[in-house]
Amino acid sequence: MADAHTKHHDYHLVDPSPWPFVGSVSAFVTAVGAIMWMKSIAVGGLHPGPVVFGLGFIGVLYTMFAWWMDVAREAEYGGFHTRVVQISHRYGMIMFIASEVMFFVAWFWAFFDASLFAGEAKQFARFDFTGGHWPPKGVDVFDPFHLPLLNTLILLTSGTTVTWAHHALLHNDRDGVKWGLILTVILGAIFTTVQAYEYSHAAFAFKGNIYGATFFMATGFHGFHVLIGTLFLLVCLIRAMNGHFKPNQHLGFEFAAWYWHFVDVVWLFLFVAIYLWGSHWGAAAAAAGAH
């Protein structure tokens, strides 16, 4: 008599997991803590916002770690990631990156709306902030050929190193995989350091400044994505050092590489649109072209 639990299909029916519930509760606690912190809400004479936020954030990080560990075990030891399951995972990652594209479209939209229509008559409050031109009067923007160009070269180089690591993995070159990932993680960390240094020397603020608001929201969220991508690749490096990934099955690494290339492309658009075109250099070039 056949075993009632014998698997007769290529799909993965996941076991019951506590992580969706734990993750949602942790995210809720994090949000409540953030609101209490930002609003300085007091409870019994105390301000527990930072503590509540910290506990929730720790719960989110632990959920991410534990859940991804379960997925890694399913892939490496459980044999659950069949060809059919891998296709579904690829579709999921593609849709996730597509949603990220639309996320950045919103920030580009805000930037171009403010910059292209700086003197829009219907936006009387905007004219007060911009003076009718872009960049607004009194705003000392960054030189696009200084730190922004350096970070562009860093990210483009990191795209090369992660591609090298992927190519090495396809040829089962373990040393190439490790060194490619090590260099990519280092370059990602350097990018974040340079951006933090750049922000610390900004001559404009986020608050009360339409240029600063659009600049920091667009580039800041990109910087956050670089940080997430760096952690993603660091996890892949740890897994590669532990003997994970095979030339014919390495979805975790492949998705990290996709994500990193997405981050690279977004930065190129940011550099051209915000740093180059949206700077005084871009305005001067446009004026020269008009004459």
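Trp-67 counts as partly exposed because its relative accessibility is 38%, where partly exposed sits between buried (under 20% relative accessible area) and exposed (over 50%), with a 1.4 Å probe and protein chains only. The model is predicted: local features need pLDDT of at least 70, side-chain atom pairs count only at pLDDT 80 or more, and totals for chains, interfaces and linings use all residues. Residues are numbered from 1 along each chain as its sequence is written, and side-chain values use heavy atoms, leaving out hydrogens and water.

Trp-67 belongs to helix H2, residues 49-78; helices here are DSSP runs of H or I with at least four residues, numbered from the N terminus. Together with Phe-57, Leu-61, Met-64, Trp-68 and Val-71, Trp-67 makes a nonpolar surface patch of about 570 Å². Such a patch takes residues with over 30% relative accessible area and no salt bridge, and joins nonpolar side chains (Val, Leu, Ile, Met, Phe, Trp, Tyr) within 5 Å. The areas come from the Shrake-Rupley method with a 1.4 Å probe.

Now to the charged pairs. Side chains of opposite charge can pair when their charged atoms come close. With a salt bridge defined as a side-chain nitrogen of Lys or Arg within 4 Å of a carboxyl oxygen of Asp or Glu, the count comes to 2.

| Salt bridge | Closest N to O |
|---|---|
| Asp-70 and Arg-73 | 2.9 Å |

Asp-70 and Arg-73 are both in helix H2, 3 residues apart, or about one turn of the helix. Asp-70 is partly exposed at a relative accessible area of 27%, and Arg-73 is partly exposed too, at 42%. Glu-254 counts as buried, with 12% relative accessibility, while Arg-90 is partly exposed at 26%.

What about the interior? The largest nonpolar core has 51 residues, and Leu-181 and Phe-215 have the most contacts inside it. A nonpolar core means buried Ala, Val, Leu, Ile, Met, Phe, Trp, Tyr and Cys residues joined through side-chain atoms within 4.5 Å. At least two residues of this core come from each of H3, helix H5 (147-170), helix H6 (174-200), helix H7 (210-241) and H8. H8 supplies the largest share, 16 residues. Leaving aside residues up to four places away in sequence, Leu-181 touches Ala-165, Leu-233, Cys-236, Leu-237, Ala-240 and Phe-253, a contact being heavy atoms within 4.5 Å.

Methods:
Patches are made of residues with over 30% relative accessible area and no salt bridge: like charges are joined within 9 Å, nonpolar side chains (Val, Leu, Ile, Met, Phe, Trp, Tyr) within 5 Å.
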